[in-house]
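Have a go at each one before you look at the solution.

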Amino acid sequence: MEQLIQQIASGLANGAIYASLALALVMIFVSTDHINFAQGEMAMFSAYVCWQMMQWGLNFWIALPLVALGSFFAGVAIQRIILQPLHNAPVLSVVVVFIGLLTIFHSLAGGIWSFTIKEFPSPFPKVVFAGSGYLGSHQVGMILVTLLLLVGLYAFFRFTPLGLAMRAAAQNPASARLVGVRVDWMLALGWGLAAAVGAVAGAMVAPVVYLEPNMMASILLYGFASALVGGISSPGGAVAGGFIVGVLENLIAYFGNLLEKASGLYLIGNGEKLSVALVIVIIVLTLKPDGLFGQVSVKRV
Amino acid sequence: MAKLLEVAGLKAYYGPTQALFDVSFSLDQGGVITLLGANGAGKSTTLRAICGMVRADGSIQLDGKSIGGKATEDIVRLGVGHVPEGRGTFARLSVDENLRVAAHVRKDRAAALRDRDMVLEYFPILKARLSQQAGTLSGGEQQMLAISRALMLGPRLMLLDEPSFGLAPLIVQEIFRIMRRINAESGVSMLLVEQNAALALDLADHAYVLETGRVVMAGAAAVVKSDAAIRKSYLGY
């Protein structure tokens, strides 16, 4: 029983990271209908920059806002310079650009910081608290930071004029232009926010998976799965999806282990966790293409 | 009288297809004109061309300044409120948010608040629906919202694309009655595109009849209305 609770708790912690990455994916998807395959590598690069700043002696809590801000402007610049000229291009061209970005960030990180694995210290103090038998302080910190991020973004979209303009632009670009919203800039802003959210996710997960250019590959896959489970058009759904996927993968591995112990039959275990994510993607896409919380997309013919 | 809008030799294209060939007309400060004609005559395209939504050539002057080639959002910010065909309300935003998003371009906060009170006075039904999602409104209410949203921009010129489309006759009458009030009270000039010629001619002071992308007839609304030959050959009633 204790082990089960522990698995669920650490699933929530992993889920927090999937949730942030899913949130970043949704941010770009709702306004452009594109899935940014380079999201993970961008987050990885931001994490490296954060690490570098800490190497230079900066405190993590000063470095992270700086990196998030820098990533925001980099995201805006990528949209304005690379993707804006492609706004009428077929989807496939955009996908090629995403793959190009992925490769560029990957080799850039490897080139600058080498491909050897680096340790990334946890920014959260090691304290003993009630329930610390189930969750480490870093895991609790990850969950809190993710929830904080979500609340902040929710408040931004819900209560600020700029957030409202971004929602309008995402929903109906033509109408948004007719009320004076600068739609192209709203898309760039969406990219900036996604990059900043990704930067936070990268810095949060780096102490867990260690710093290396491939660190986000599997996490991005979980991020996709989370976004799809929650509904790729719903930010709240993406976060819920993240936690669901995080807990689900741990539970499946846990029950797989139980089964093996009880009957000696090895069906599924820790090694198959990643495949679980893919299976989830396929099941969701088949049964509920709009996700658990997604808007059903209807097009008038 | 000073001209608010002067369009001369307007041509417009959808890809390689030319939709407008030579459209010229002008609108007085505070006036109302209507573009009439059959489906596909180029009425909506003319409105879209004025707002920079389609590729267009020719001269478009707002208050003596050329707005041809400008981006839609910049033209809108000069005081052009376009109520598009099909209303174009933000279905998943609340009525209140639909109004607020239009007000966010305004620099004068106090004026925006006054305009908000004004549109809610014109369309009291929207007041009761402020927190409701726009997509749940009836067709007539959505049209009222679309007009209100355009008014929240504090426009000098309103472009109205078939405000009567798909609505019950009683609702249409009410909307036209309020549009007349808006024109009289706030002095907003209007360029109205309508299928319902009789209704449009009641509201407008000048009418232009379009046929396959060209102005084929123009005149005072009263004259067009009373001329049986024009009515028969161009307007079909």
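## Exercise 1: An arginine on a strand

R55(B) counts as partly exposed, because it has 14 C-beta neighbours inside 10 Å. Keep in mind that the model is a predicted one.

**Task.** Find the element that holds R55(B), and list the residues that R55(B) touches beyond four places away in sequence.

**Solution.** 
- Step 1. Locate the residue: R55(B) sits in strand β4 of chain B.
- Step 2. Look for contacts, leaving out residues up to four places away in sequence: R55(B) touches A12(B) and Y13(B).
- Step 3. Compare sequence with space: G69(B) is 14 residues from R55(B) in sequence, and their C-alpha atoms are 8.3 Å apart.

## Exercise 2: The partners of a strand

**Task.** Work out which strands pair with β1(B), and in which sense.

**Solution.** 
- Step 1. Begin with the hairpin. Strand β1 (residues 3–14) of chain B pairs with strand β2 (residues 17–28) of chain B in the antiparallel sense, over eight bridges.
- Step 2. Pick out a bridge: Y13(B) has Q18(B) in β2(B) as its bridge partner.
- Step 3. Check the turn. Two residues lie between the strands of this hairpin, and G15(B) takes a positive phi near 55 degrees.
- Step 4. Turn to the other pairing: β1(B) and strand β4 (residues 55–62) of chain B run antiparallel and are joined by seven bridges. Here A12(B) stands opposite A56(B) in β4(B).

## Exercise 3: Where the chains meet

**Task.** Describe the contact between chains A and B, then say how α6(A) and α3(B) are oriented to each other.

**Solution.** 
- Step 1. Count the residues: chain B gives 19 and chain A gives 15.
- Step 2. Name the elements on the side of chain B that touches chain A: α2 (72–77) and α3 (95–103) of chain B each give two or more residues. By class, this side has nine nonpolar, four polar and six charged residues.
- Step 3. Recall what to look for: two packed helices are described by the angle between their axes and the distance between the axes.
- Step 4. Apply this. The axes of helix α6 (residues 161–171) of chain A and α3(B) come within 10 Å and cross at roughly 105 degrees. Therefore α6(A) is roughly perpendicular to α3(B).
- Step 5. Find the residues that meet: L164(A), A165(A) and A168(A) in α6(A) contact E97(B), R100(B) and V101(B) in α3(B). Sorted by class, this helix contact has four nonpolar, no polar and two charged residues.

Key:
Residues numbered from 1 in each chain as written. Chains lettered and ligands numbered in written order. Predicted model: local features only at pLDDT ≥ 70, side-chain atom pairs only at ≥ 80, totals over all residues. Pairing = 2+ DSSP bridges. Helix = DSSP H or I, 4+ residues; strand = E, 2+ residues; numbered from the N terminus. Contact = placed C-beta atoms within 7 Å. Nonpolar A, V, L, I, M, F, W, Y, C, P; charged D, E, K, R; others polar. Axes fitted to C-alpha atoms, helices over the stretch in contact; angles between N-to-C directions. Parallel < 35°, antiparallel > 145°, perpendicular 65-115°, else oblique. Buried ≥ 20, exposed ≤ 12 C-beta atoms within 10 Å, placed from the backbone.
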